[in-house]
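I opened a new page for this structure. My notes on what I looked up follow.

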Amino acid sequence: MNDEMAKLMVVFRTAPYGSIYSFEGLENVLIMGAYDQDVSVLFIDDGVFAIKKGMDNSGTGIKDFSPTFRALEAYDIEKIFIDRTSMESRGLTKDDLVIDAELIESDAVEKMMEEQKNFFMF
Amino acid sequence: MLHMINKSPFESMSLDDCLKYASKGSAIILYEDGIYAAMAGTALESKMNSIAGDYKVYVLKEDLMQRGIDKLISGVTEVDYAGFVDLVEEHKTCSW
Amino acid sequence: MKLGMIVMESPYQHEASDSAIQFAKAALAKGHEILRVFFYQDGVLNSTKLMEPQSDDRHIQKQWTAIGTENNIEFIVCVAAAKRRGINDTVTAEGFTIGGLGMLTELAIEADRLVEFRA
């Protein structure tokens, strides 16, 4: 393993609960945090729905993993970005989200991906 | 970047989503059900012609053959799996 | 190049496993190194030796095992995903090893390229 930190990113682009992708994306962020790497997290498209406030799983019994996003800072994961257009086109504002993140424009997304050693799409 | 699209454009937003972020000139490979975007004579043909002008669009030959699609829009390049591997060697990949 | 591959879907249900197999064969034919294939989410179902497709269909697990054993490639089956789906080391076929999600992070650190085969 290299001694240098690798730039790694998890991109959330799938809505939560309808499939397991979003949940597994979060599992990866947590593991990467434990490896002391330079980790970024990016929410685009339906991925932004994973961090919406007010989830209530009492009617479905599916594990609500949105609180874990709030704990990312405790894992030293502070580079968290949201594609502004994805958020706004879904009728959401930053006040609707469980975490505070930096808004970026869509034309910055591909560049952010290119900067990584590797990244995952979930 | 090599953007990998494996869903039919008649069923999924993944190609449209990808294009919101992909800069002009980026590579896109259509494979699995994604190949239907490159089929000639569909309602999407003029849109796809424009996309093929702005991006380097590749279509996976083995998935075309599997689905019996042999008439493609102009401006797209057929590659086989060996060509797919070459594209991955040249680019980071993004699976939509 | 040093490749990392991730398979996220179950065999037969989705083409992802077939695409991954063909891609792996083509990459090996070109002399590339596959550091690891990580079987994740429903992709863990690729590993079961209990799979028994009809005789006129391809046998996805056997295809994987042939690629892995002939080329000495590490196939890691995500332990948490496997447990959820009733997969453990009594059902995994030759060539597959149950392992933790950290092995996916390690792959992302080590590989020149990562390719996801997913829905």
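I began with contacts (heavy atoms within 4.5 Å). In chain B, 73% of the contacts with a separation of 6 or more are between residues 24 or more positions apart.

I noted the ground rules next. The model is predicted, so local features need pLDDT of at least 70 and side-chain atom pairs pLDDT 80 or more, while totals for chains, interfaces and linings use all residues. Residues are numbered from 1 along each chain, chains are lettered from A and ligands numbered from 1 in the order written, and side-chain values use heavy atoms, without hydrogens and water.

I looked up the burial of chain B: 58% of its 96 residues are buried. Buried means under 20% relative accessible area, exposed over 50%, and partly exposed in between, with a 1.4 Å probe and protein chains only. I also noted that the C-alpha trace of chain B spans about 30 × 30 × 20 Å along its principal axes.

I then turned to salt bridges (a side-chain nitrogen of Lys or Arg within 4 Å of a carboxyl oxygen of Asp or Glu).

I looked up Lys94(A), which pairs with Asp100(A) at 3.2 Å between the closest N and O atoms. Lys94(A) is partly exposed at 33%, and Asp100(A) is exposed at 64%.

In chain C I found Glu116(C) bridged to Arg118(C), with the closest N and O atoms 3.9 Å apart. Glu116(C) and Arg118(C) are both buried.

Last, I wrote down a salt-bridge network that links Arg13(A), Asp45(A), Asp17(B) and Lys20(B).
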